[in-house]
Amino acid sequence: MLSLLLAASLVAAAPVCDRSELPQCLQRLPKPLVAAFSDHWQHSPDELAATLSQQLAGQGAVTLTLDNHSLILTDARRISQPHILLLGHKVYERPSVHSLSLALLHERGHLLNVPETLRLPFRFAYWPSLWEEEVIADLHALWLLARQGQLHLGWNLVHLRNFNLMGAAPDWAHWTTPVLLPWLASPERSDQLAQLSFEQVLAQSVIPVSDLPHFRTLGRRQFGPGRGAYPYVPPRLVERWWQMLTPSLTLLMGNDFGDYRQHHHRLMLAKSAN
């Protein structure tokens, strides 16, 4: 079986095109790759740029695979856009925590050939089906950052996932904070990360997937319209929720966070006791 470490070195060469220069980039790509995608969409190479641009669908980056071909598309303009969020009846804006380098680390993780036994613990019937892939890709990015001596940049990945969860259309499929944070919040685990194989990282990142629906309840309660029933959430998971969100909310809200947390934390505990 091909090791994940070797696989990571192979997929690092996957070609990359930014949305702003797709027509020119396509001219530089290997002809078999362009021909494969042209045949797939039944478009001529000249029409392919517009079709590829549509595949981004508002995302900062996406990985396309077709047979033995792969292509990473990026949108540097989207990646650099500031975060604008409405929290507690107030609009907050801060510069993007995302970056092109972080996006590429993540996207290359989508090209890994991960055995089924390592995927299975991140698969949950009542959760977005894409979550398994996103967990693997984000953990791969975090692992590479650790091996590069840049693990502190992993916090940007956590903030990005949290900010996207707080938006008007909460992104649960990419919300990998529950598996990322334990590696960043524990100095012992942070020091250990770079020394592990990626197989070991996956095995040691498994969380109780039964907790995830409770987190979604809390997310809807905090960032949703505030209507409907309030199912019971164990207080320990309420505390865990705030541990995962606090670093990002503090970064976004500054001095406003204390009052905001006090208000919502009290309501969550009260409703969890019903």
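Predicted model: local features only at pLDDT ≥ 70, side-chain atom pairs only at ≥ 80, totals over all residues.
Figure 1. Helix α6 spans residues 100–109 and is mostly covered, with 7 of its 10 residues buried. The buried positions are Leu102, Ala103, Leu104, Leu105, His106, Glu107 and Gly109.

**Figure 2. The disulfide between Cys17 and Cys25.** A disulfide is a covalent bond between the sulfur atoms of two cysteines. The structure holds 1 disulfide, formed by Cys17 and Cys25 with their sulfur atoms 2.0 Å apart. The angle about the S-S bond is -80°, and the link of Cys17 and Cys25 is left-handed. Are the two cysteines buried or exposed? Cys17 has 0% relative accessibility and therefore counts as buried. Cys25, at 3% relative accessibility, also counts as buried, because the cut-off for this class is under 20%.

**Figure 3. The largest nonpolar core and a second core.** The largest nonpolar core has 59 residues, of which Leu87, Leu139, Trp241 and Leu249 touch the most other members. Helix α8 (residues 131–147) supplies the largest share of this core, 10 residues. A second, separate core has 18 residues, including Cys17, Leu29, Leu48 and Leu73. Cys17 is also one of the two partners in the disulfide with Cys25.

**Figure 4. Surroundings of Leu87.** Which residues does Leu87 contact, leaving aside its neighbours within four places in sequence? They are Tyr92, Met166, Phe223, Leu249, Leu252, Met253 and Tyr260. Leu249 is also, with Leu87, among the residues that touch the most other members of the largest nonpolar core.

**Figure 5. A nonpolar surface patch that includes Leu86.** Ile84, Leu86 and Val91 make a nonpolar surface patch of about 320 Å². Leu86 lies in strand β4, which covers residues 83–87. The relative accessible area of Leu86 is 58%, so this residue is exposed; the class requires over 50%.

**Figure 6. Asp256 and its contacts.** Asp256 sits in the loop between α14 (235–253) and α15 (257–272). With 28% relative accessibility, Asp256 counts as partly exposed. Not counting residues up to four places away in sequence, Asp256 touches Lys90 and Tyr92. Tyr92 is also a contact of Leu87. Asp256 and Arg19 are 237 residues apart in sequence, and their C-alpha atoms are 37 Å apart in space.

**Figure 7. The salt bridge between Arg119 and Glu133.** Side chains of opposite charge can pair when their charged atoms come close. The count for the structure comes to 9 salt bridges. One of them joins the side chains of Arg119 and Glu133, at 2.7 Å from N to O. This pair links distant parts of the chain, 14 residues apart: Arg119 is in helix α7 (residues 116–119) and Glu133 is in helix α8. Arg119 is buried, with a relative accessible area of 11%, whereas Glu133 counts as partly exposed at 26% relative accessibility.

**Figure 8. The salt bridge between Asp138 and Arg161.** Asp138 and Arg161 form a salt bridge in which the closest N and O atoms are 2.8 Å apart. The two residues are 23 residues apart and link distant parts of the chain, with Asp138 in helix α8 and Arg161 in helix α9. Both Asp138 and Arg161 are buried.

Figure 9. The side chains of Asp211 and Arg236 meet in a salt bridge, 3.7 Å from N to O. Asp211 lies in the loop between α12 (198–203) and α13 (212–223), and Arg236 in helix α14, so the pair ties together parts that are 25 residues apart in sequence. Asp211 counts as buried at 10% relative accessibility, whereas Arg236 is exposed, with a relative accessible area of 55%.

Note on methods:
Residues numbered from 1 in each chain as written. Heavy atoms only, no water. Disulfide = S-S within 2.5 Å. Buried < 20%, exposed > 50% of the residue type's maximum accessible area, 1.4 Å probe, protein only. Patch = residues over 30% accessible without salt bridge, like charges linked within 9 Å, V, L, I, M, F, W, Y side chains within 5 Å. Areas by Shrake-Rupley, 256 points an atom, 1.4 Å probe, with all protein chains shown as cover. Salt bridge = Lys/Arg side-chain N within 4 Å of Asp/Glu carboxyl O. Helix = DSSP H or I, 4+ residues; strand = E, 2+ residues; numbered from the N terminus. Core = buried A, V, L, I, M, F, W, Y, C linked by side-chain atoms within 4.5 Å. Contact = heavy atoms within 4.5 Å.
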